Amino acid sequence: MTGKYLTAAVASAAVLLAGGAARAEMKIACVAELSGSGATVGKNFKAGAELAIAEINAKGGVLGQKIAMSCADTQTNPGVARGLIQKALDSKPYAVLGPVYSGSIKVTAQLTSEAGVTNVIGGEAAELTQMGLKTLIRTSFGQHLSMPKIAAYMANDLKAKNVAVVWVNNDFGKGGRDTIIKQLTARGVKIAGDLSTEPAQVDFAADVAKLKATKADAVFIYLHEEESARILKEIQKAGLKLPLIGETTLLNQKVIELAGSAANGVRGHVGLSADAPIDPIRKFRKDFMAKYNYIPDHNAMKGYLGIYTIKAGTEKMGKLDSKGLAGALKGLSISAAKQPGMLMDVAIDQNGDLDRISFLAEVSNGKTAITKTLPPLKK
Amino acid sequence: MSSFATLVIAGLATGAIYALIAIGFALLWQASQTINFAQGEFVMLPAFFALVAMGLGLPYWAAALITFVLAAVLLGAMFKRLLVDPMLKHGVIPLAMATMALAIFLKESVKDLYSAEAYPFPSLVPPVNVNVLGTNVSLQHIAIIVVALVTLVALTWLLDHTTTGRQMQATAQNPTVARILGIPVERMIMLTFLINAVLVVIASLLVTPIYLAKFSSGETLGLAAFVAAIIGGFNQLRGAIVGGFLLGVIDNLAAAYVSTQYRAAVPLFILIAVILFRPEGLFGRKEERTV
């Protein structure tokens, strides 16, 4: 009798194990800014990733494995982010998605690199992929690739001679400020003002007064979403009528929503835009709005692209190899025709930086309009 | 000069908000020895009441009206009955800690029940400029200063020229004697809490179009108003008013002429100086305690 029970138990265990193997999942640990000053960023990033996962899983997953993602909140605090990444790595994920804020990535990337786990990030600070870490892969341009485009626009198209630069005093802002000043100066444009602001700053009256005093003929604004909206409102209140130029964030949908009419006229370069006149992006925008009922921003596209990047790398390897994923992605060119989830053709270099088309855009009547499509740097 | 004038006016507008909130600190302290560390969150919350009401399709004025009622009930009456009254028996420190806990509770509740994101909020006036003596001044700043001044004048008139106001002052000065004189002390204290609720709603409706509606927006405001109340004098309404305006102007001028990075430190330096050389605040009166 005991033998019968034992046989049944062993058989049951075998069935459970076999079932478990069949249901094996690709575990992705997402660590993002779901609250704090970066809440808008993290919320969009997570939503985009979840949309991609739903699409991929609905089609059978990656190499037959469904994707399962857990998302932890950094509270937009690098210290918290580091702890969460360590916790995520302890659970042996296939890959790590996020954070988005460069300051957080700077303190977490070492951990993912040491663990040999691919870390698909949303950060844009130039230095992130120049730190010699082997597992970082971007979802958007680094500042060293996007700033030359916007500097060329200001110097050649806008014919700006004196530009004031307003930047947020953290890793993201400092990296952007250093790069744009270098790029503008190289093109003979003078820096009429160099104004730093604080993360989560709420009152910009003094900054705008200083901006007015610079006598610049254009202003380059490089702040996070909420701060961008606040300074645009303050500029509108002050009656400052200068070309307001930004890089992606300033033309973000959330900035337009928060700033209202103050965002009209803002121009700049966008690496990712849900308004781009490209069919896969149009489809992404439509699907995103159907699922979440709001317009996705570039951070939602980063999250979405992050998941599809992991998929593309895995499919290139033909197996789920966590340690080999970063290597498979580096040097990879992904065609949107073959991987529609990548939205645009993209090339990933050996540092994890991307090259692909980008756009010049302008905000008009509360909407972003793409005015020009720029080719990849290495066409 | 134009830039300086613009900065001063912007500072006065910010200071007017600080003053409204700081008065709440002073009122509650005088009426019931309550230091309300959730005062900043009390300013954040009404904006979300209004957003919810407007989300239901109500016009701004109706949403504002509902916000006043909700704030009076929740941030005035219920705050006093459910938190202050039970905790005050145990002393000022446990009550202060309870208000800190309340601040966290309110913040996290808004984050969980509404959103962690920022939201735009309609302004009382359009975002245009008017020319005042050759200087372009934001109509929004003027509106803030005017509304705040009208509120402050009305409050001062209520306290100084009405029977209810004098009874409130008597209650604040000596509740025991006030009770002997037949003043309904409990009702006067409740009235103080209701006035504070009205003040935070006004501050909320004025500041949220600029700061945006966000669960964490009370942190900055609460701290600034607390510092303003101490600088001006925690036990005097005029102290809180002057402290608020002073802090707003100094903050703006420091950001423009000293350093944006160190702007947050300047008010704290003033606070340290006031505590060292005039601990009762610029307009406060000395209080002596016996043991």
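Where in chain A does Lys215(A) lie? Lys215(A) is in the loop between helix H7 (205-213) and strand S8 (218-222) of chain A. Phi of Lys215(A) is near 60 degrees, a positive value in a residue other than glycine. Most residues other than glycine have a negative phi, and most peptide bonds are trans. Lys215(A) has 11 other C-beta atoms within 10 Å, so it is exposed.

Before going on, please note that this is a predicted model. For chain A the average pLDDT is 91, and 93% of the residues score at least 70.

Gln75(A) is not a glycine either, and has a positive phi of about 60 degrees. Gln75(A) sits in the loop between strand S2 (66-73) and helix H3 (78-90) of chain A. Is Gln75(A) buried or exposed? Gln75(A) has 20 C-beta neighbours inside 10 Å, so it counts as buried. There is also a cis peptide bond, from Gly98(A) to Pro99(A), with omega near -5 degrees. Pro99(A) belongs to the loop between strand S3 (95-97) and helix H4 (102-115) of chain A.

Now chain A as a whole. It has twelve helices and 15 strands. Its radius of gyration is 22 Å, close to the 21 Å that the globule rule gives for 379 residues, so chain A is as compact as a globular protein of that length. The C-alpha trace of chain A spans about 95 × 40 × 40 Å along its principal axes. Of the 379 residues in chain A, 55% are buried. If we take the contacts in chain A between residues at least 6 apart in sequence, 66% of them join residues at least 24 apart.

Let me show you one strand of chain A in detail: S10, residues 267-270. Arg267(A) and His269(A) point one way from S10(A), while Gly268(A) and Val270(A) point the other way. All four of these residues are buried.

Which way does strand S9 (residues 244-247) of chain A run relative to S10(A), parallel or antiparallel? The two strands run parallel and are joined by three bridges. Within that pairing, Glu247(A) has His269(A) as its bridge partner. Helix H9 (residues 253-259) of chain A, together with S9(A) and S10(A), makes a right-handed β-α-β unit. S10(A) also pairs with strand S14 (residues 358-364) of chain A, in the antiparallel sense and over four bridges. There, Val270(A) stands opposite Phe359(A).

On to chain B. It has eleven helices and two strands, and along the sequence the pattern is α-α-α-α-β-β-α-α-α-α-α-α-α. Its radius of gyration is 19 Å, close to the 19 Å from the globule rule for 291 residues, so chain B is also as compact as a globular protein of that length. Its C-alpha trace spans about 55 × 50 × 35 Å along the principal axes. Buried residues are 48% of the 291 in chain B. For contacts in chain B with a separation of 6 or more, 72% come from residues 24 or more positions apart.

Arg238(B) has 16 C-beta neighbours inside 10 Å, so it counts as partly exposed. From Arg238(B) to Ala98(B) is 140 residues in sequence and 27 Å in space, C-alpha to C-alpha.

How many residues of each chain take part in the contact between chain A and chain B? There are 24 residues from chain B and 30 residues from chain A. On the chain B side, H1, strand S2 (135-138), helix H8 (185-211) and helix H10 (237-257) each supply at least two residues. H1(B) gives the largest share of that side, five residues.

Last, the inside. The largest nonpolar core has 209 residues, and those that touch the most other members are Val166(A), Ala19(B), Ala22(B) and Ala228(B). Helix H1 (residues 2-32) of chain B gives the most to this core, with 18 residues. As for Val166(A), leaving aside neighbours within four places in sequence, its contacts include Leu195(A), Leu211(A), Val219(A) and Ile231(A).

How values were computed. Residues are numbered from 1 along each chain as its sequence is written. Chains are lettered from A and ligands numbered from 1 in the order in which they are written. This is a predicted model: local features need pLDDT of at least 70, side-chain atom pairs count only at pLDDT 80 or more; totals for chains, interfaces and linings use all residues. A residue is buried if 20 or more other C-beta atoms lie within 10 Å of its own, exposed if 12 or fewer, and partly exposed in between; C-beta atoms are placed from the backbone. Two strands pair if DSSP finds at least two bridges between them. A crossover is right-handed if, with the strands pointing away from the viewer, the path from the first strand over the helix to the second runs clockwise. A nonpolar core is a set of buried Ala, Val, Leu, Ile, Met, Phe, Trp, Tyr and Cys residues joined through C-beta atoms within 7 Å. Two residues are in contact if their C-beta atoms, placed from the backbone, lie within 7 Å. pLDDT is the predictor's confidence in each residue, from 0 to 100. The radius of gyration is taken over C-alpha atoms; the globule rule is 2.2 Å times the number of residues to the power 0.38.
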